[in-house]
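Dear colleague,

Please find below the structure that I am handing over to you. My findings follow directly after it.

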Amino acid sequence: MKIRNATIDDAIEIFKIEKRVFKNYWSFKSIRLEFTESKFSQISLLEVDSKIIGYIFQRVMPGQSHIINMAIDLPYQHKGYGKFLLKNTLEKDSEDTNVFLEVKEANFPAIKLYTDLGFEEIHKKDRYYSDGSNAIFMLKNNKKHGLV
Ligand SMILES: CC(C)(COP(=O)(O)OP(=O)(O)OC[C@H]1O[C@@H](n2cnc3c(N)ncnc32)[C@H](O)[C@@H]1OP(=O)(O)O)[C@@H](O)C(=O)NCCC(=O)NCCS
């Protein structure tokens, strides 16, 4: 099992997993744009036996990071890989970084994973997604404020 940075050559494999995993999946163009157009993008892959089985897309800025997409391929789900990948990603963020994400309200496995790793609900928006589902906005607040 290995985590490595993705390159644009991995975009096709990412897209194949994306289509298997999500009903409303990112287009190949959107995936490519994260490699070519976003200077804040950090994309990590999880490999098992040299095969890509999951990925995480992050936009990292000073003091804050947004997890904008994450998936584990279907046959590998619920085996601890998602937790491993997200934990590793969070450990790489500096101690002074707040991490944001959004998730569909009905996506219990994802919400459980995020809560387990220290995320808290900060906001909710009804009918936020194009399929009409509600969004939960979550934050992992890492900022350590000193005494004043
Ligand atoms: C959400 C996702 C990334 C989690 O990765 P995973 O490898 O399947 O999850 P893990 O095996 O690491 O499990 C993490 C926790 O989530 C929960 N969980 C994972 N899959 C679950 C399932 N099918 N049913 C119930 N709980 C589940 C478990 O509570 C688990 O913790 P525990 O085993 O310590 O109790 C993965 O299931 C996935 O790709 N889902 C589809 C895409 C998606 O929803 N992405 C997130 C969009 S915001």
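**Overall dimensions and fold**

With 148 residues, a compact globule would have a radius of gyration near 15 Å, and the chain agrees because its own value is 15 Å; this radius is taken over C-alpha atoms, and the globule rule is 2.2 Å times the number of residues to the power 0.38. The model is a predicted one, so local features need pLDDT of at least 70 and side-chain atom pairs count only at pLDDT 80 or more, while totals for chains, interfaces and linings use all residues. Residues are numbered from 1 along each chain as its sequence is written.

Along the principal axes, the C-alpha atoms of the chain fill a box of roughly 50 × 35 × 35 Å. Of the 148 residues, 22% count as buried (20 or more other C-beta atoms, placed from the backbone, within 10 Å of the residue's own).

The chain has 4 helices and 7 strands (DSSP runs numbered from the N terminus: H or I of at least four residues for helices, E of at least two for strands). From the N terminus on, their order is β-α-α-β-β-β-α-β-α-β-β.

**Ligand surroundings**

The ligand is surrounded by 18 residues, the closest being Gln 77, His 78, Gly 82, Lys 83 and Pro 109 (a residue is near if its C-beta atom, placed from the backbone, lies within 6 Å). Two or more residues of this shell come from each of β4 (64-72), α3 (81-92) and α4 (108-116). The element that gives the most is α4, with 5 residues.

How values were computed: A residue is buried if 20 or more other C-beta atoms lie within 10 Å of its own, exposed if 12 or fewer, and partly exposed in between; C-beta atoms are placed from the backbone.
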